There are 2 protein chains.
Amino acid sequence: MKKNSKSIIVQEAIKLFNTQGYSGTSLRDIAKKANVNIANIAYYFDNKQGLLEFCFTTFFEQYLSEMEEAVAVLDEGAMASLRNLVSNLIYFQCKNIHLTRFIIREMSIDSQIVREIMTTYSLKEKFYFQKILERGIEKGEFKPHSSNYLIIQLKSLLNMPFLYSHYLSEVLHVLPHERYFADQYIREIFQWMESSLFTEAKFPEEIVVS
Amino acid sequence: MKKNSKSIIVQEAIKLFNTQGYSGTSLRDIAKKANVNIANIAYYFDNKQGLLEFCFTTFFEQYLSEMEEAVAVLDEGAMASLRNLVSNLIYFQCKNIHLTRFIIREMSIDSQIVREIMTTYSLKEKFYFQKILERGIEKGEFKPHSSNYLIIQLKSLLNMPFLYSHYLSEVLHVLPHERYFADQYIREIFQWMESSLFTEAKFPEEIVVS
């Protein structure tokens, strides 16, 4: 069995899922692309469902740990914490653009596995968002606002460019896998936060280029 | 052949696509759910690809005509036009929530049909966005800004709640198919536009509850 074959299988599987869809991709397609035999895939993941679960878990464990890091600095202020959260999640998704695109797409299907993910990871994600938002409102750093609607907007702004990565590069000629995009886009979200969310309107140049 | 069977086929197909994925759904599944035989489906759409194309066309023809309506009032001002565009698209997607969710998901796959949709509908969509944004900047109604990054943010805010409709209802307990959600969410986007985009900060209460 080749070294690194597990990560090659995952990588090739995600590429195929993003061009043919998850159900439109067979283990045989993946085996062929990854240059392994089907038994190799079965050894690591049992079956396609196991591979899917591995993708979800890999994505959300990292995604939530990026959020946790940001929540850990909440005592330095809700603004600082939210800025950290935004940068962490944008850089993380930018670095894992193919996986992100696949996961965000699959999360919109009403299936058993997605329901399980929602009752674990999505609830935890909501908990972190709420913790920062509620602290900010409580301490007067943020304008009073429904946290649900803020979460909808934040998640939209955070996730969508990576789901639409293909659209961004083909139609808008913006390259969402590049560090330049991430830096610029984080700045855009910070501006949105400044004007829509924060009570004090000051723009922290020094944090932007982190 | 039953009356309305075409629309019943489409309706049931979309429901299945949203629970099993497009490739995970067979014509046989659709025929069973719609209570027709496969020949009926073939009569209207030839095959599953034909049904997919029909869904894309139906969605984008209406989506773009909602945009066109908004662009038609551009001479009354770019702000008014952009507000119209936002309300039209939110109400349209809210009314067609299952179709919207399916289309936004499929648009993230790098396939032949999506590439075709991008070179026609997505370019037209971009053209309308740009037309309003550039007019607004030119006339001093909007702050000078990269229109590509504005389009990314606008599209994120406009489309995402409907892709995430399942997440919204299950995790946030917000119901995106209800008129109440649409009204409230339009207000949120207007506030974002007010503070991030418009040079004059005034909030038009009368337009919100349209």
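In chain A, A:Phe59 is placed in helix α4, where helices are DSSP runs of H or I with at least four residues, strands are DSSP runs of E with at least two, and both are numbered from the N terminus. A:Phe59 is buried, since 22 other C-beta atoms lie within 10 Å; a residue is called buried if 20 or more other C-beta atoms lie within 10 Å of its own, exposed if 12 or fewer, and partly exposed in between, with C-beta atoms placed from the backbone. The model is a predicted one, in which local features need pLDDT of at least 70 and side-chain atom pairs count only at pLDDT 80 or more, whereas totals for chains, interfaces and linings use all residues. Residues are numbered from 1 along each chain as its sequence is written, and chains are lettered from A and ligands numbered from 1 in the order in which they are written.

When its neighbours within four places in sequence are left aside, A:Phe59 is in contact with A:Leu99 and A:Ile103, two residues being in contact if their C-beta atoms, placed from the backbone, lie within 7 Å. A:Cys55 and A:Ile103 are among the residues with the most contacts inside the largest nonpolar core, which has 115 residues; the others are A:Ala13, B:Ala13, B:Cys55, B:Ile103 and B:Ile189. Such a core is a set of buried Ala, Val, Leu, Ile, Met, Phe, Trp, Tyr and Cys residues joined through C-beta atoms within 7 Å.

Chain A as a whole has 11 helices and zero strands, and its C-alpha trace spans about 60 × 35 × 30 Å along the principal axes. Of the 210 residues in chain A, 39% are buried. Among the contacts of chain A between residues at least 6 apart in sequence, 63% join residues at least 24 apart.

In chain B, the 24 residues of α4(B) should span 34 Å at 1.5 Å a residue, and this agrees with the 34 Å between its end C-alpha atoms; the expected span is 1.5 Å times one less than the number of residues. The buried residues of α4(B) include B:Cys55, B:Phe56, B:Phe59 and B:Tyr63, and what covers the buried residues of this helix includes α1 (5-20), α3, α5, α6 (97-106) and α7 of chain B.

Helix α7 of chain B, with 27 residues (112-138), reaches 37 Å from its first C-alpha to its last, close to the 39 Å expected. This helix, α7(B), bends by about 40° at B:Met118, the bend being the angle between axes fitted to the seven residues ending at a residue and the seven starting there. Among the buried residues of α7(B) are B:Ile117, B:Phe129, B:Ile132 and B:Leu133, and the buried residues of this helix pack against α9 of chain A as well as α4 (48-71), α5 (78-95) and α8 (147-163) of chain B. Just after α7(B), B:Gly140 takes a positive phi of about 75°, in the loop between α7 and α8 of chain B. B:Gly140 counts as exposed, because it has 11 C-beta neighbours inside 10 Å.

A:Asp46, which is not a glycine, has a positive phi of about 70° and is placed in the loop between α3 (38-45) and α4 (48-71) of chain A. In chain B, phi of B:Asn35 is near 60°, and B:Asn35 is found in the loop between α2 (27-34) and α3 (38-45).

Between the chains, 42 residues of chain A are in contact with 42 residues of chain B. On the side of chain A that touches chain B, α8(A) gives the most, with 11 residues. The two chains superpose through a rotation of 180° with 0.0 Å of shift along its axis (RMSD 0.0 Å), and the copies are therefore related as by a two-fold rotation axis; the superposition is by least squares on the C-alpha atoms of residues with pLDDT of at least 70 in both. Because 100% of the interface residues of chain A are also interface residues in chain B, the copies meet through the same surface.
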